[in-house]
Amino acid sequence: MQREFLNKTECAALAAHWESLAAAQQELVSTLVACGQIHLFAGWDPPGTHDEDKASFLAALAKIDGSYPGGLAGYIANARRLLAEAKAGKNPFEGFVPEQPDTVDLTSFNDAFERYEALGAGKFDKVGIVLVAGGLGERLGYNGIKLDIAVEVLESTTYLKHYADNLLAMQARSASGRPVPFVIMVSQDTGPKTIESLEANDYFGLDREQVHVLRQELVPAIADNDGTLALEGKYELVLKPHGHGDIHMLLHTSGVAGKLHAEGIEYLMFIQDTNGPNFNTMPAAIGVSVEHGYDFNSLAINRVPGEAVGGLARLVGNGREMTINVEYNQLDPLLRATVSPEGDVANEHGFSMFPGNCNTLVVRMDTYVRILRQSQGIIAEFVNPKYADGTKSAFKKPTRLETMMQDLPKLFGPEEKVGVTIFERSWSFSPNKNNVADAAAKVAAGGPADAGATAENDFYAAGRARLRVAGMRVEEAEEVKILGVPFTLGPKAILRPSFALTLAEGRAKVSGGSISGEATLIVEGRDIRLEGVELSGSSALVVKACDGAKVVVRGAFRNAGFELVRLTDAERAAGSGVPEYLKIRGYRFENRGAAVYEFDQPGEYTVEE
Ligand code: UGB
């Protein structure tokens with residue numbers, strides 16, 4: 001029957017190969033032909049030529065068929081449906097009116113903030129961290145994985161190391177000391193270099209067993225509204241990432257979600273690859289989820305109208321209500337059609353009407369595994385084709401189906417509770433997503449830069465905030481522009497996770513003292529106390545202590561510290577030998593004589609100046 005079908009298609013190229021195909025290959029090819037994909041085989045060279053290419057092409061098709069729920073036939077059917085809806089201009093939020101979601105405002109460091117932090121800190125051995133890191137970061141234009149970029153360049157700590165340090169600090173503080181599970185989703189693009197980075201750094205001190213690397217597969221690009229799979233040459237599919245929503249399916253199919261649940265994990269916190277402040281919010285966000293009984297807690301900021309982060313709203317209509325992220329490209333039309341004829345404009349406080357999605361999510365494990373079991377972790381897909389013209393009959397370039405991890409609540413019923421916790425921006429959200437030129441243009445247009453320099457700036461700002469809460473006098477230096485991107489010259493304060501994970505911990509370890517606008521302070525180690533430490537001018541103090549080393553630091557430190565040096569045009573040019581992680585920010589630091597104290601043996605020490 002298959003043979004008969006193929007003859008009918010008059011695909012001589014395929015008929016010539018038919019007998020040499022294995023039964024499973026014949027079945028897959030038949031399915032694809034039945035789905036209108038005969039072009040995949042129509043251009044094949046005669047048997048005996050390019051046979052290896054054909055074999056790897058068939059293997060690639062089989063792999064995608066096996067990894068996508070519903071196989072390639074399901075993918076093509078979904079694509080056709082979604083493309084028809086897109087062509088018809090269907091509004092995915094038709095019938096819904098946005099209202100304010102259930103929010104907890106933690107934009108100030110008040111008593112409530114610290115109460116939530118204490119509650120969250122009590123759960124450190126019941127939390128797992130899920131990092132989605134399958135994206136290449138095309139907007140950033142960085143050659144390599146984003147996890148390998150340094151979040152700060154005083155000591156050049158990479159994002160991956162910074163996250164691992166936080167996990168180590170969490171487990172050092174929990175009663176059981178149980179390793180905090182770390183799930184990392186990678187893709188074909190990012191997987192090998194992520195593994196390389198973990199291996200080269202001995203997993204940054206984590207146990208290999210606590211790290212679960214899950215790989216998402218790319219999906220085929222689609223060339224037209226009929227769901228025709230796009231080809232590169234004769235034997236290669238054009239493949240594209242399917243979006244961060246794949247994490248839910250992978251956590252389900254890999255069995256990792258079920259395993260962690262069985263091991264007693266109560267919450268998963270989902271984070272993105274280059275949002276350095278993720279862990280500033282972690283203790284309080286967990287505390288909020290616990291106290292409010294949230295099944296899903298979206299961390300948010302006050303959003304600037306038009307910025308490329310989704311808006312979080314409660315959508316009411318069509319006989320239901322759901323609190324969900326409305327992605328940035330859909331927010332303005334939804335607002336225009338409902339509550340704001342002017343669209344996504346500033347309210348009386350200068351912010352967009354709805355809180356902005358940091359895409360840091362805290363999900364309750366009980367609910368999560370139940371929803372995964374019911375749904376297989378399959379998240380609503382969407383398509384966003386760029387049409388060639390107003391007829392919407394052709395695309396500028398092939399498109400693909402995508403998913404987003406923040407869409408999980410679309411699978412929820414009325415029983416599941418979804419809330420939003422709003423934090424101050426630099427404390428919670430400072431992604432490194434844009435190259436310098438784009439970042440400068442965004443700043444010129446009045447929006448946030450979300451670039452290497454601003455990410456680093458906010459890393460220090462968080463340190464300053466912790467010092468202020470602890471009672472140190474912190475002078476803030478002026479803001480300068482480096483290649484059009486704002487950077488506050490200091491003080492540059494790095495309080496490593498090993499030193500303080502909560503405000504209360506910082507307060508217990510720092511008393512009095514002062515730090516001037518261009519000074520630098522780096523503290524790493526659990527048992528360090530700063531008593532009346534004074535850093536004036538551009539002085540720098542670095543104190544590091546291993547486990548078991550108890551250090552008290554007192555007195556006034558005076559030295560030339562670290563100097564910010566702008567890169568010259570020649571240094572920024574291709575082939576200059578300057579590392580790319582410096583080029584993406586436009587400066588480096590030079591040590592002009594920082595005071596450095598390192599204690600690598602247990603014992604009691606005092607540093608006095
Ligand atoms: N990612 C994957 O792991 N796999 C993929 O296939 C794609 C991405 P982007 P996006 O924080 O500013 C999100 O591309 O999708 C990882 C929210 O949807 O940087 O444009 C990737 O490695 C948006 O609401 O972001 O927008 C990275 O870690 C807003 O919050 C993460 O997914 C916005 O992020 C995000 O990928 C934001």
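Colleague: How much area do domain 2 and domain 3 bury between them?

Modeller: In this predicted model, local features need pLDDT of at least 70 and side-chain atom pairs count only at pLDDT 80 or more, while totals for chains, interfaces and linings use all residues. Residues are numbered from 1 along each chain as its sequence is written, and side-chain values use heavy atoms, with hydrogens and water left out. Buried area is the accessible area (1.4 Å probe) that two parts lose on being put together, summed over both. Of the area between domain 2 and domain 3, 59% lies on carbon and sulfur atoms, and the whole is about 3,200 Å².

Colleague: Which side chain meets that of Arg173 in a salt bridge?

Modeller: A salt bridge is taken as a side-chain nitrogen of Lys or Arg within 4 Å of a carboxyl oxygen of Asp or Glu, and across the interface of domain 2 and domain 3 this rule finds five. With an N to O distance of 2.7 Å, the partner of Arg173 is Glu505.

Colleague: Which element gives the most to the side of domain 2 that touches domain 3?

Modeller: Helices (H or I, at least four residues) and strands (E, at least two) are DSSP runs, numbered from the N terminus. Elements that each supply at least two residues include β4 (150-152) and α8 (159-173). With eight residues, the one that gives the most is α8.
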